[in-house]
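Thanks for taking a look at this one with me.

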Amino acid sequence: MEENNIIEIKNLNKWYGDFHVLKEINLTVKKGEIIVVCGPSGSGKSTLIRCINRLEEFQEGSIVVDNIELTHDIKKIKAVREEVAMVFQHFNLFPHLSILDNLTLSPMWVKKMARKDAEALAMKYLTRVNIAEQAHKYPNQLSGGQQQRVAIARSLCKNPKIMLFDEPTSALDPEMVAEVLDVMIELAKEGRTMVCVTHEMGFAKKVADRIIFMDNGQIVEENIPDKFFKNPESDRLKLFLEQILSH
Amino acid sequence: MAVYDMKPTKSAPVNSKGAWHWVRENLFSSPLNILLTFLGVGLLYLIIPPFLQWAYFDATFIGSTREDCAVNGGACWVFINYKLDMFMYGFYPEGERWRLNLGLGLFVLLLLALRYLKSTLMKFAFFNLFLVAAAILTIGGTLGLEMVPTDRWGGLMLTIVVAATGIIVAFPIGVFLALGRASDLPIIRSICVTYIEFIRGVPLITILFMSSIILPLFFPEGITFDKLLRALIGIAMFEAAYIAENIRGGLQAIPKGQYEAADAIGLSYWQKMGLVILPQALKVAIPNLVGVSIALFQDTTLVLIIGLFDLLGMVRLSAADSYWLGFETEGYVFVTFIFWFFCYSMSRFSQRLEKRFNTNLQ
């Protein structure tokens with residue numbers, strides 16, 4: 001693995017039964033890079049990033065995350081998951097725990113931090129996502145945008161090297177998208193490695209170092225934002241951009 | 001720029017139209033409804049006044065012999081009163097019954113502790129402390145307490161011992177069976193499925209017979225172990241299968257995203273299950289778990305067939321007392337009331353638990 005790379009995916013193939021969902025994926029992510037993955041639904045983009053923290057298994061190829069090769073070895077999976085955080089489309093907060101307890105769970109049980117320290121850490125990140133005053137409420141008492149910001153704070157509590165975002169704004173009411181994107185833009189400025197599956201092209205233009213376009217289980221095109229939007233090479237990407245940017 | 005004023009909020013119209021309106025709406029709204037109302041009232045008229053007449057107005061409450069009851073012709077509660085100690089304690093030695101009463105007192109203390117203590121760890125500690133104390137008090141044999149052999153146990157006390165031990169022992173087994181059945185490991189899964197499906201295919205009465213008659217055949221001669229203990233093992237094994245199925249139902253109600261989020265923040269399997277999945281699954285399963293508990297409380301009466309005298313058994317035995325012949329009805333009404341009291345309390349308790357664990361606030 002090269003010094004500067006934090007994720008290396010080589011010749012990755014994955015099948016759901018007979019369905020070939022990821023085809024010969026090759027992708028390297030450098031430390032601190034911000035990658036946006038886009039593409040039509042069913043193109044395999046969510047599956048790809050879910051392979052990175054092993055929520056999905058794959059059959060062929062290799063994924064190396066921070067010098068750890070993902071195999072069936074449970075210790076390696078655990079080690080990778082300590083470095084990689086994920087924000088989900090449907091937030092997936094734990095409804096039976098208060099916001100604060102949602103955040104302290106991982107520090108206290110995985111990092112064995114004392115409750116007091118874990119709570120201080122949690123409050124720090126809740127403050128950063130502008131939601132500290134809701135700490136003692138339960139997830140279902142918050143709006144979607146607030147829940148997603150809590151979910152981002154929860155994943156920050158691990159101080160992860162890499163953050164994966166799986167369509168973080170797709171399940172939100174339109175007026176709440178901005179508050180979540182603002183938080184993500186702030187994060188992007190901090191130099192943490194981020195891989196975001198999203199359709200928010202404004203966000204991609206603003207912060208992405210590279211944009212990856214997937215269709216049909218393969219990477220069709222990858223480029224820096226400027227060229228990605230102005231000079232798409234493939235017809236498939238041209239069509240996709242037309243469809244999502246035409247209105 | 002368009003400007004708009006906030007319209008004032010009005011309070012909702014008052015919705016009370018009086019009792020007569022309610023009666024007309026709900027009891028006499030259509031010919032069929034009127035007919036059903038009269039039928040219902042008629043039925044209640046046929047049942048309640050005669051029962052009250054028998055159970056209260058014509059009943060005898062004070063006295064100590066059956067002759068005292070001969071005058072009024074109604075229920076003879078003297079019989080219950082006279083035999084009450086036996087119904088409650090069975091053949092437990094009279095001089096030692098304070099131990100059971102003390103146990104009951106400790107139980108009340110435990111309820112208060114569970115209600116007012118904040119820390120879950122402390123609650124758990126108190127609960128276990130109570131179990132140990134209750135076991136020592138009931139069985140004896142240590143701390144200068146005389147040992148009371150289980151063939152002296154009986155009545156309501158035995159009913160509670162059987163039901164409580166059954167549930168407390170079966171619950172953790174049930175949790176593990178449910179997790180095993182939902183597991184990815186094929187051998188664990190098939191063992192759990194086989195166990196659950198086997199037990200659920202056999203009536204409790206068969207299991208009681210097996211544990212009391214067939215099980216001893218497998219032990220070498222001379223080794224016997226307690227009849228009550230054998231029954232308790234049988235009941236716990238039986239209940240565990242049902243509890244496992246109810247918890248499995250709860251597990252299935254938990255969305256996949258919860259498992260993924262727990263994985264993603266780095267929890268191990270047991271942390272994930274213990275901290276994230278089971279608390280939610282058990283909450284979903286509360287009504288069914290209490291249902292199982294209520295059913296078990298009633299099923300304890302089956303221990304009669306292997307020669308243990310629970311509350312119902314004691315009442316039957318007492319009604320067969322040659323001096324008190326002919327008072328079965330009073331006995332059964334009494335048993336009915338006790339069982340209803342316990343089961344209804346459990347049902348109310350379940351509703352309170354559900355409310356307490358409801359974090360689905362909007």
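**Notes on the predicted model**

1. Across all chains, the count comes to 25 salt bridges, a salt bridge being a side-chain nitrogen of Lys or Arg within 4 Å of a carboxyl oxygen of Asp or Glu. Please keep in mind that this is a predicted model, in which local features need pLDDT of at least 70, side-chain atom pairs count only at pLDDT 80 or more, and totals for chains, interfaces and linings use all residues. Residues are numbered from 1 along each chain as its sequence is written, chains are lettered from A and ligands numbered from 1 in the order in which they are written, and side-chain values use heavy atoms, with hydrogens and water left out.

2. One salt bridge to look up is the one between B:D263 and A:R81, at 3.9 Å from N to O. B:D263 sits in helix α10 (residues 256–264) of chain B and A:R81 in helix α2 (residues 74–83) of chain A, so this pair joins two chains. Helices here are DSSP runs of H or I with at least four residues, strands are runs of E with at least two, and both are numbered from the N terminus. Both partners are buried; buried means under 20% relative accessible area, exposed over 50%, and partly exposed in between (1.4 Å probe, protein chains only).

3. Helix α10 of chain B also holds B:K256 and B:E260, four residues and about one helical turn apart. Their side chains form a salt bridge at 3.5 Å, N to O. B:K256 is exposed at 59% relative accessibility, whereas B:E260 is buried at 11%.

4. Now for A:E33, in the loop between β2 (19–30) and β3 (34–38) of chain A. A:E33 is buried, with a relative accessible area of 10%. Its side chain reaches the backbone nitrogen of A:K30 at 2.8 Å. Beyond its neighbours within four places in sequence, A:E33 is in contact (heavy atoms within 4.5 Å) with residues including A:R192, A:D209 and A:R210.

5. How many disulfides does the structure hold over all chains? There are zero, taking a disulfide as a pair of cysteine sulfur atoms within 2.5 Å. For A:C38, the closest cysteine sulfur is 11 Å away, in A:C196, which is too far for a bond. A:C38 is buried at 0% relative accessibility, and B:C343 is buried at 9%.

Definitions and conventions
A polar contact is a pair of N or O atoms within 3.5 Å; within protein, one must be able to donate a hydrogen and the other to accept it, and residues adjacent in sequence count only if both atoms are side-chain atoms.
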